[in-house]
Amino acid sequence: MNCTTAGYYDRDARNLVKYPAMKHKISASDEAYGRASVPAPAPYTPPLGLPGVMDAEGRVDESRLRTHIIKNGGVSPSERRQVWRFLFGMFPCSSTALERPLLQEQLAVRYQVMKRKWQQLLPAAVRLRLNGTDAELIAAVKYFEQRKKREEQMCRGQSEEVKERLSFLELQAQVLFERVTFDIEELQEAIRIIDKDVPRTDRDLAYYLGEGSGNLLVLREILITYAAFHPEVSYAQGMNDLCSRFLEVLDSEVDTYWSFSCYMEKFSRDFRADGLHRKIELEAELLKELDPQLHAHLVTDNMDRLAFCHRWLLLGFQREFEHSDALRLFEILSCDHLELISQQVERAHYQERLARKHSLEDHPSSEPQAINTEFTFELFICAAILLEHRDTLLRCRNEVQLIQFTSSLQGTLDLNSTLKKAEELFYNYCKRSAWDHLNDRCRSRRSKEEQFIRHLRNLFS
């Protein structure tokens, strides 16, 4: 997953080692808005414990990483934090273990400069406004401010060499963002909605309990910074839940911002009306192929084109599965499952075309039907859930009953069972799309067809 973040993310980590040491005077206003809270990067990142994924210098084979996640149903909680930095594009897979600390340092400085820019422009928005009735939220603000003070104290103890390097990186970031302007009214409106949504985000998770409640304020600053520097997307409801997932796993404001930004670069359309409409349209198209009767009942009978699946698809089934399973599913869905299979199918098509080149010149025939890469794996997950509850859905007669049905599923679904059903649907779709046209014309090549199908099946074993 590539990430440009509107041109603010330098993907060439090797350039970072060439930065000279320069002194730059830090103003009092800079100190007041977070300059001192830029930590030095960790000197060492442990290698991934996934076989064959990382080489001796720390480079990651992205295809093997994604395949490992798909075939193993996610990664272990102990590996998740590091894996997500590569999976979601914060670290280039081509970067080495020596380059990444410097890259992380650069990203930390850039994020602080970005955050400080909107804070200086809207000083009244720096702190969350409290109504005095939510005792837990009041405590969260206190814990957040205490954490900020501790971070500032830690950064004051940095060596002169580190301070000089950070000063140069900050000067570079200030030049980079100097011409960035904000639409004040739109940003204020985004902050208003964020301030309504953040206090309601995942309050039952251990990550946000006790002193961890201060993480809600961290989440708020990430979302505001994202909205400020991505005005074409800004903020939409649901982003808080999505970003919270990154923050819980990565447990780092900087890492969360850049990983979330990379993710949104690819999926921000899902938060717009046209993107949501297209996704539901595709789900209806897939369901029509899998179960015409259920499709006719849900779509043809004026049931608003499967709109009740909106939250499932937007948030990656975050509430339908137990929390740890939902994290596993999210990383599986983020591996571009169909893209990997499509690559395998296209390679098989290429070999088949070479083998049939001369015979095709004499006996023209149609090319194998390409897999529709818009049918992402999440659509098969959704279809598996719908088919599993087919009888219940056929009894639903209106939108209210459908909403009641979806609400009843929260936290009750079994991920392993759902994945198995979705993979069977997916496998059958790949098989049918790639080879159905051969049934009449290429029976003599049945052995090669079966060999390909076995290869495809191995991807799910």
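Where is Val126 found? Val126 sits in the loop between H4 and H5. Helices here (H or I, at least four residues) and strands (E, at least two) are DSSP runs, numbered from the N terminus. Val126 is buried, with a relative accessible area of 16%. Buried means under 20% relative accessible area, exposed means over 50%, and partly exposed lies in between (1.4 Å probe, protein chains only). Val126 and Arg116 are 10 residues apart in sequence and 9.4 Å apart in space, C-alpha to C-alpha.

## Basis of the model

This is a predicted model: local features need pLDDT of at least 70, side-chain atom pairs count only at pLDDT 80 or more, and totals for chains, interfaces and linings use all residues. Residues are numbered from 1 along each chain as its sequence is written, and side-chain values use heavy atoms, with hydrogens and water left out.

## Overall build

The protein has 22 helices and zero strands. Of its 461 residues, 53% are buried. The protein exposes about 22,000 Å², and carbon and sulfur atoms supply 50% of that area. Accessible areas come from the Shrake-Rupley method with a 1.4 Å probe; for residues, only the protein chains shown count as cover.

## The nonpolar core

In soluble globular proteins, nonpolar side chains tend to be buried together. The largest nonpolar core in this model has 125 residues. A nonpolar core is a set of buried Ala, Val, Leu, Ile, Met, Phe, Trp, Tyr and Cys residues joined through side-chain atoms within 4.5 Å. Trp84, Leu306, Phe317 and Leu386 have the most contacts inside the largest core. Helix H8 (residues 215–229) gives this core its largest share, 11 residues.

Leaving aside neighbours within four places in sequence, Phe317 is in contact with Trp312, Ala326, Leu329, Leu333, Glu378, Ile381, Cys382 and Ile385.

Helix H4 covers residues 100–121, 22 residues in total. H4 reaches 32 Å from its first C-alpha to its last, close to the 32 Å expected at 1.5 Å a residue. The expected span is 1.5 Å times one less than the number of residues. H4 is mostly covered, with 18 of its 22 residues buried.

Lys115 forms a salt bridge with Glu253, the closest N and O atoms being 2.9 Å apart. The pair links distant parts of the chain: Lys115 is in helix H4, Glu253 is in helix H10 (residues 253–267), and they are 138 residues apart. A salt bridge is a side-chain nitrogen of Lys or Arg within 4 Å of a carboxyl oxygen of Asp or Glu. Lys115 is buried at a relative accessible area of 3%. Glu253 is buried too, at 13%.

The structure holds 27 salt bridges. Arg220 and Asp195 make one of them (2.5 Å, N to O). Their pairing links distant parts of the chain: Arg220 in helix H8 and Asp195 in helix H7, 25 residues apart. Arg220 is buried, with a relative accessible area of 1%. Salt bridges that share partners also join Lys115, Lys148, Glu221 and Glu253 into one network.

Glu136 and Arg203 meet in a salt bridge too (2.9 Å, N to O). Glu136 lies in helix H5 (residues 135–156) and Arg203 in the loop between H7 and H8, so the pair ties together parts that are 67 residues apart in sequence. Glu136 is exposed, at a relative accessible area of 55%. Arg203 is partly exposed, at 23%.

Glu79 is found in helix H3 (residues 77–87). Glu79 is buried yet has no salt bridge. The nearest side chain of opposite charge, Arg85, is 10.0 Å away. For charge, Lys and Arg count as positive and Asp and Glu as negative; His and the chain ends are not counted. Not counting residues up to four places away in sequence, Glu79 touches Leu48, Gly49 and Leu50.

## Positive phi in two loops

Asp202 has a positive phi of about 45° although it is not a glycine. Asp202 is in the loop between helix H7 (184–197) and H8, and is buried at a relative accessible area of 9%.

Ser234 has a positive phi of about 60°, and is not a glycine either. Ser234 lies in the loop between H8 and helix H9 (239–250). At 17% relative accessibility, Ser234 counts as buried.

Notes:
Contact = heavy atoms within 4.5 Å.
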